[in-house]
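The exercises below ask you to work through some features of one protein model, each followed by a worked solution.

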Amino acid sequence: MNKEINFLSSFSHQLDLLESEGRYIEMSNNILNMMVKNVDLSPLAGKIIKFLAIPYPPCKKVLYAFLTRYSTNIADLNILATNSLLKDFQDPNPFIRRLVIKTICSIPCLFELAFQLLPQALCDNSSYVRCTAATACSLVITEYNVKENQDIIDKLYEMIRDPDPTVVCSSLSSLNEILHSDGGVVINSKIIFYLLSRVSEFQEWNVAVIYSVMRKYEPKNTDELLRFLNALDDKLHDRNPAIFSNAADLALYYIHQLKKDFSDDIIQQISPQLKLLLSHSNTETLASILEVIEIFVPKHKLVFISFYKLFFCRFCDTTIIKVKKLKILTELINSNNVVDIANELLLHCCDITKEVSHQAVHSFAAVIRKYPELKTQLNTFVSLMDIQYNNLSEDILNALSIIDLNGDSNIKDVVLAAVSKHADKVNNAESKLCLLKFIGRYGREIEDSPYVIERILNDEQNFENEKLMSFLLMTTVKLFLIRPEEMQLILGHVLQSFQKSSCLLLKKQASLYYSLLKDIPISKKVFQLDNTNLSTNNSK
């Protein structure tokens, strides 16, 4: 490193301000390489900063980057650079003027100079400079000095009508940030219609900024709302996903504010573009569109149900896209498509990717909860517990725990037989909790319920989980009330162990249950049990 610094020192010493551009570019490349390597160039700061006077823009860019990095550590550096900065601000090249503004607004010691030059920069002939100046305002103006710089704020408001769309967007973003504590930029209906008339001029990444600003305004009446919607109508048919999706979101927001009921018409208008993008899009665009659809689906299911098959997963879809599609499909189920969607979800329960498999399992459980008549699909779903991959059996057990099995005795027998079969393969705490829920609800039907509880008790690691132990105690008491002969010794062991527990909650719970069990009829009422059956309602 010392060799490189010595070389740069001698090289800069040999240069004078009459050297060729090539020599200066060579020097600036050396400086840039050392800055990238985090070499400390502060000993050479005085020699390097004098070259700010050279007229070559690429070299100036490197030297201004050097000034930005070392200005906080070397106080005199800013004083040495001030004259060069003022001179460069008068340069006919807009790139150099823009570089000056960007630099002085990045160095706190030069903020005083920034406040002198910003008003001129905001009125510059070059849109390139005006855009940078508008963005830089948010770096130097904060909520603490807004009042002192009201003239700059007023100028930023004027620049909303700038002929260059990039300047407009930069001004709005800067105002939003500066006035954040007061709710951001203040707009009225005239500004809204002006921005809507020019929205086609904005680039994709600026459209979102424009629409987010428009959301700050609420239509005052139905007539104004209809004028806004008519102005947005062309944008709803735009081919650009960023434009039509944001336009739809804005239109729905306005409709919601006035509590109108024609929001489905808006989604219907953009549905042709959505169908096209769902069928022919790259991965990034498809992921973004699915995020938009996820927001729209809950309130506009009827529109999306008409093309639900476009949400079926494709082989080339990424994990994120598959998960999003499976979530959306769960929302689109009705009596006409439930079999198709259930089969699609079943197909992905065995997916090689754990995230997809997990989502498919829980989505299918949600479907079965609404449509318990899908017996064939449920039998297939339960049979998947035999697959020992990606903790699939535990995922299915967790999903089945939310389904009410009392409606159909055949389904109940199938599910409980599978639960009993795989009970000894359960390892994680969440699955053990679900297993205890099954025993609490259907303890009479699951023959080896006492042995399952005994296995959980014999595993010392389970005692570290207070929630699991609390649930185990409650389940043991419930099972005792319907199978007293088999559970008497186990319950005595559990109560004795928990009364000696260091956990105060478990100790009090054990004492409470012990007192309660002195009156069996009352205990059955507390746990919602009768003499023969276990109620489907589980005490939580």
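A salt bridge is a side-chain nitrogen of Lys or Arg within 4 Å of a carboxyl oxygen of Asp or Glu. The model is predicted, so that local features need pLDDT of at least 70 and side-chain atom pairs count only at pLDDT 80 or more, while totals for chains, interfaces and linings use all residues. Residues are numbered from 1 along each chain as its sequence is written, and side-chain values use heavy atoms, with hydrogens and water left out.

**Exercise 1.** Determine which helices hold D88 and K60, and whether D88 is buried or exposed.

Solution. Begin with the pair itself: the side chains of D88 and K60 form a salt bridge, with N to O at 2.9 Å. D88 belongs to helix α5 (residues 75-88) and K60 to helix α4 (residues 57-70), so the bridge ties together parts that are 28 residues apart in sequence. Finally, apply the accessibility classes, in which buried means under 20% relative accessible area, exposed means over 50%, and partly exposed lies in between (1.4 Å probe, protein chains only). D88 is buried, because its relative accessible area is 5%, and K60 is buried as well, at 2%.

**Exercise 2.** Find where K421 and D386 lie in the chain.

Solution. First, the side chains of K421 and D386 meet in a salt bridge of 3.1 Å, N to O. K421 sits in helix α23 (residues 409-422) and D386 in the loop between α21 and α22, so that distant parts of the chain, 35 residues apart, are linked. Then check the accessibility: K421, at 48%, counts as partly exposed, and D386, at 42%, also counts as partly exposed.

**Exercise 3.** Describe how helices α12 and α14 are arranged relative to each other.

Solution. Helix α12 (residues 204-214) and helix α14 (residues 241-257) pack at about 5 degrees, their axes being 9 Å apart. Angles under 35 degrees count as roughly parallel, and α12 and α14 are therefore roughly parallel to each other. Lastly, look at the contact, meaning heavy atoms within 4.5 Å: the residues that make the contact include V207 and Y211 of α12 and I243 and L250 of α14.

Note on methods:
Axes fitted to C-alpha atoms, helices over the stretch in contact; angles between N-to-C directions. Helix = DSSP H or I, 4+ residues; strand = E, 2+ residues; numbered from the N terminus. Parallel < 35°, antiparallel > 145°, perpendicular 65-115°, else oblique.
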